[in-house]
Amino acid sequence: MRLTDILKPQNIKIPLDAKNKTEAIGELVNLLATNGEVKDAKKVLDSVLDREATRTTGIGNGLAIPHGKCNGTDHLVMAIGKPAQPIDFQAIDGRPVTIIWLLNSPPDKTGPHIHALARISRLMTIEKFRHALNLAKTAEEMFSIIRQQESEL
């Protein structure tokens, strides 16, 4: 699985206007809805916030991967946001988040959902890649960095 087969440049927002975790998740869900990626934005938002309430998706190294499953979409959808200022996501390392990678999929698409989470986690362990994403100024630049890194795996 290549993340760039799922992610579209128009579903990357730099910078996010959000000042906190809930606003950031809402902003990314709205971006997906505006771009016609989801059937029911409220269901998608609720599923991601419900999942976030059980345990933080701030996994460390400035990364959060909020995600959920619901029938508000009929396929795996993905959006990325880079907040103007780092956001507290109650990350496991206690550090604020600079890259937010949101996923949502229908309940019957568990395999692709898990593969995407694993792929994001793997990519984000690469320090040079994380640094490049944090320097990206545009959605197109961020998409290009992701595509380049995936081609090297």
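**Terms applied to a predicted model**

Colleague: Ser144 is placed in helix H5. What makes a stretch count as a helix or a strand here?

Modeller: Both are DSSP runs numbered from the N terminus: helices (H or I) need at least four residues, and strands (E) need at least two. The model is predicted, so local features need pLDDT of at least 70, side-chain atom pairs count only at pLDDT 80 or more, and totals for chains, interfaces and linings use all residues. Residues are numbered from 1 along each chain as its sequence is written, and side-chain values use heavy atoms, with hydrogens and water left out.

Colleague: Why is Ser144 called partly exposed?

Modeller: Buried means under 20% relative accessible area, exposed means over 50%, and partly exposed is in between (1.4 Å probe, protein chains only). Ser144 has a relative accessible area of 37%, so the residue is partly exposed. Its C-alpha atom is separated by 30 Å from that of Asn71, 73 residues apart along the chain.

Colleague: How do you know how H4 and H5 are oriented to each other?

Modeller: Two packed helices are described by the angle between their axes and the distance between the axes. The axes of H4 and H5 come within 9 Å and cross at roughly 165 degrees. Axes are lines fitted to C-alpha atoms, for helices over the stretch in contact, and angles run from 0 to 180 degrees between N-to-C directions. Under 35 degrees counts as roughly parallel, over 145 as roughly antiparallel, 65 to 115 as roughly perpendicular, and the rest as oblique. H4 is therefore roughly antiparallel to H5.

Colleague: Which residues of H4 and H5 make the contact?

Modeller: Contact means heavy atoms within 4.5 Å. On the H4 side the residues are Lys128, Phe129, Ala132, Leu133 and Leu135, and on the H5 side Glu141, Met142, Ile145, Ile146, Gln149 and Glu152.

Colleague: How are H1 and H2 oriented to each other, and why?

Modeller: The axes of helix H1 (residues 21–34) and helix H2 (residues 41–54) come within 10 Å and cross at roughly 150 degrees. The two helices are therefore roughly antiparallel to each other. From H1, Lys21, Thr22, Ile25, Gly26, Val29 and Ala33 meet Ala41, Val44, Leu45, Val48, Leu49 and Glu52 from H2.

Colleague: What makes a set of residues a nonpolar core?

Modeller: Such a core is a set of buried Ala, Val, Leu, Ile, Met, Phe, Trp, Tyr and Cys residues joined through side-chain atoms within 4.5 Å. The largest one has 25 residues, among which Trp101 and Leu133 touch the most other members. Strand E5 (77–83), strand E6 (99–105), helix H3 (110–124), helix H4 (127–135) and helix H5 (139–152) each give two or more residues to this core. A second, separate core of 20 residues includes Ala18, Ile25, Val38 and Ala79.

Colleague: Which residues does a cis peptide bond join?

Modeller: Ile14 and Pro15 are joined in this way, with omega about -10 degrees. Pro15 is in strand E1 (residues 12–16).
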